[in-house]
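Me: I am new to this one. Please show me what we have, and then take my questions in turn.
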Amino acid sequence: MSELVSTRIRSTAGKLGLPHLAETINEYTQRADEGKLGYLDFLDLVLSEELAVRDDRRFRSGLRTSKLPHHKTIDEYDFSFQPDLDPRKVKDLATLSFVEAKANAALLGPPGVGKTHIAVALAVAACRAGYSIYFTSLDDMVRNLKTAEAAGRLTSKLGSYLRPSVLVVDEVGYQPLERAEANLVFQVISKRYEKGSIILTSNKTFSEWGQVFGDEVLATAILDRLLHHCEVISINGPSYRLKNRLKAIERENEVA
C-alpha cells in the first residue's frame with residue numbers, strides 16, 4: 001500500500017471515529033499480505049479487530065463508573081473451600097440469563113463466605129456482556145437517598161439506582177433501618193421491578209428481614225417484588241477472611 005493511500009485511510013478512519021484502525025492500518029495490510037487475504041477476509045479482519053477494541057474500551061469504561069470494590073471473576077472463587085455450594089448454580093447465574101430476563105439474584109450467608117465476590121463477579125460478567133452496572137452497599141444507598149430527599153433531589157438520586165441494567169446491593173441486614181429508610185429501599189425495589197436486575201447479598205435469612213426493615217408489612221412488600229423473579233443461593237460454609245487470618249497467625253507463630 002502506498003504511503004499516500006495509507007495516509008488517506010488514516011485520515012478517513014479518524015473522521016469516522018475509528019482511532020484504532022487509523023493507528024494500525026499498516027499492521028493490518030501486512031497481515032493481509034502475509035496471509036494472502038482476499039478483500040472480504042481483509043474487511044472482516046479490520047472490522048472484527050475494531051469491534052473488539054471498541055468492546056474492550058466500553059467494558060473498561062463501564063468498570064470505572066460501576067463503583068465495584070474490585071474486579072474479581074468467578075474463576076477466582078475458591079469453590080473447594082465451600083464444598084456445600086454447588087458451582088453449577090453460580091455458573092448458571094454467570095450465563096446472565098437472569099439479567100436478560102430482568103430478574104434478580106440473592107446471595108445469602110454469614111460474613112466472609114464470598115457473597116460479595118460472587119456478586120461482583122456476576123456484575124463484571126454483565127459489564128463484559130454490555131450491560132450497565134452499579135454497585136452500592138445498602139447503607140450507602142440509604143444514606144445517599146436520605147441526603148437527596150432532604151435537599152429536594154430524591155427523584156434525581158433515585159435515577160442513579162434505577163438506570164443501570166444491573167444494580168448490586170451489598171450487605172443487606174448489617175444495620176437495621178428505620179421505617180422511613182426502609183421506604184426509600186422499597187421505592188428502589190418497586191421501581192426496578194421487572195425493569196432491571198438486582199444482585200444482592202445479605203447475612204440475614206428472608207424471615208429476618210422484618211427486623212432489618214423495621215416493619216413486617218414493608219419487608220413483605222419488598223420481598224414480594226424482589227423474589228417474584230429471583231435466583232437464591234445460600235452459602236453456609238466457613239469464612240475466607242478467618243481462614244486467611246488463621247494462616248497469618250500460624251506463620252507468625254512459626255517465625256516466633
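Reply: First, a term. A helix here is a DSSP run of H or I with at least four residues, numbered from the N terminus. α6 is followed by G130, whose phi is positive, near 105°. Keep in mind that this is a predicted model.

Me: Why is α6 called mostly covered?
Reply: Buried means under 20% relative accessible area. In α6, 11 of the 14 residues are buried. Among them are H117, I118, V120 and L122.

Me: How do α3 and α6 cross?
Reply: The axes of α3 (residues 39-66) and α6 (residues 115-128) come within 9 Å and cross at roughly 140°. The crossing is right-handed. On the α3 side, D56, R58, F59, G62 and L63 make the contact; on the α6 side, V124, C127 and R128 do.

Me: What kinds of residue make up that contact of α3 with α6?
Reply: Four are nonpolar, one is polar and three are charged. Gly counts as polar in this scheme.

Me: Why are β2 and β5 said to stand at the edges?
Reply: Start with the sheet. Five strands form an open sheet in the order β2-β3-β4-β1-β5, and the pairing is parallel. β2 and β5 (230-234) each have a single partner strand, so one side of each is left without a neighbour in the sheet.

Me: How do you know that β1 and β5 pair?
Reply: Pairing needs at least two bridges. Five bridges join β1 to β5, so the pair qualifies. L108 stands opposite S234 in β5.

Me: Why does L96 count as buried?
Reply: The cut-off is under 20%. L96 has 7% relative accessibility, so it counts as buried. L96 lies in the loop between α4 and α5 (97-100). Its phi is near 70°, a positive value in a residue other than glycine.

Me: Is E171 buried or partly exposed?
Reply: Partly exposed, because its relative accessibility is 34%. That falls between the 20% and 50% limits. E171 lies in strand β3, and its phi is positive, near 60°.

Methods: Residues numbered from 1 in each chain as written. Predicted model: local features only at pLDDT ≥ 70, side-chain atom pairs only at ≥ 80, totals over all residues. Heavy atoms only, no water. Axes fitted to C-alpha atoms, helices over the stretch in contact; angles between N-to-C directions. Helix = DSSP H or I, 4+ residues; strand = E, 2+ residues; numbered from the N terminus. Left-handed = near helix turned anticlockwise from the far one by under 90°. Contact = heavy atoms within 4.5 Å. Buried < 20%, exposed > 50% of the residue type's maximum accessible area, 1.4 Å probe, protein only.
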